[in-house]
Amino acid sequence: MDENSLKAVGWARSLPLNTEVRAAREWTRGHLDTLGWTRTAPSTTDDVLLTVSELVTNAHVHAHSTAHLLLTWDNECLHVTVHDSAPGLPKAREVGPEATGGRGMFLVGLLADTWDIHPCRRGKDVTACFRPPDTVKRQEAAGQPR
């Protein structure tokens, strides 16, 4: 395999409606630990875990769907994808200071390096990408955009 070949590792888990979001966070934390992120990038780990909570909650609460959680690490970026079966696309909402919810996609936009929505034939995928701090520093030193 030459140096330009993509090496990736991934994990997938289905989280039915009756699954607590905490289970998604714990499962994700375990995989981040195998990557060394919980030790070397604790702040990024926290951002990933909050994003997982928000995306799985959206799948359960708004889409009334099983959340299919996929983590993919390609040595540059951790792609966190949640698929649900609802056709409607999530949007950041304007919420007042007294609102107790409605900030999930706003938070994802703040926490992730990038994020995107991909409509599918049977629902949608929401993907947020995270780069550990050392990857961001290497890209900035090379003059590449974050």
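## Exercises on a predicted model

Asn-58 lies in helix α3. The model used in these exercises is predicted.

**Exercise 1. Decide whether Asn-58 is buried or exposed, and list what it touches beyond its sequence neighbours.**

Step 1. The cut-off for buried is a relative accessible area under 20%.
Step 2. Asn-58 has a relative accessible area of 16%, so Asn-58 is buried.
Step 3. Leaving out residues up to four places away in sequence, Asn-58 touches Ala-63 and Met-105.
Step 4. The helix around it, α3, covers residues 42–61 and has 20 residues. From first C-alpha to last, α3 reaches 28 Å, close to the 28 Å expected at 1.5 Å a residue.
Step 5. The buried residues of α3 include Asn-58, along with Val-48, Val-52, Val-56 and His-60.

**Exercise 2. Find which residues touch the most other members of the largest nonpolar core, and which element gives the most to this core.**

Step 1. The core has 28 residues, and those touching the most other members are Val-48, Val-56, Leu-69, Leu-78, Val-80 and Phe-130.
Step 2. At least two residues each come from β1 (9–15), α1 (21–35), α3, β2 (67–73), β3 (78–84), α4 (104–111) and β5 (123–130).
Step 3. Helix α3 gives the most, with six residues.
Step 4. Take Leu-69 as a case: not counting residues up to four places away in sequence, its contacts include Trp-11, Leu-15, Ala-24, Trp-27, Val-52, Val-80 and Val-82.

**Exercise 3. Describe the two salt bridges of the structure and the setting of each.**

Step 1. Side chains of opposite charge can pair when their charged atoms come close.
Step 2. Glu-26 pairs with Arg-22, with the closest N and O atoms 3.1 Å apart. The two are four residues apart in helix α1, which means a separation of about one helical turn.
Step 3. Both ends of this pair are partly exposed: Glu-26 has 47% relative accessibility and Arg-22 has 48%.
Step 4. Asp-84 pairs with Lys-124, the closest N and O atoms being 2.7 Å apart. Asp-84 is in strand β3 and Lys-124 in strand β5, so this bridge ties together parts 40 residues apart in sequence.
Step 5. Asp-84 counts as buried at 5% relative accessibility, and Lys-124 counts as buried at 4%.

**Exercise 4. Determine where in the chain confidence is lowest and where it is highest.**

Step 1. The chain has five helices and five strands, in the order β-α-α-α-β-β-α-β-β-α.
Step 2. Average pLDDT is 86, and 82% of the residues score at least 70.
Step 3. Confidence is highest in β3, at a mean of 98, and lowest in helix α5 (residues 133–141), at a mean of 54.
Step 4. Over residues 136–141 pLDDT stays under 50, and the model has eight contacts beyond four places in sequence for them.
Step 5. Where pLDDT is low, the predicted coordinates should not be read in detail.

Methods:
Residues are numbered from 1 along each chain as its sequence is written. This is a predicted model: local features need pLDDT of at least 70, side-chain atom pairs count only at pLDDT 80 or more; totals for chains, interfaces and linings use all residues. Side-chain values use heavy atoms; hydrogens and water are left out. The expected span of a helix is 1.5 Å times one less than its number of residues. Buried means under 20% relative accessible area, exposed over 50%, partly exposed in between (1.4 Å probe, protein chains only). A nonpolar core is a set of buried Ala, Val, Leu, Ile, Met, Phe, Trp, Tyr and Cys residues joined through side-chain atoms within 4.5 Å. Contact means heavy atoms within 4.5 Å. pLDDT is the predictor's confidence in each residue, from 0 to 100. A salt bridge is a side-chain nitrogen of Lys or Arg within 4 Å of a carboxyl oxygen of Asp or Glu.
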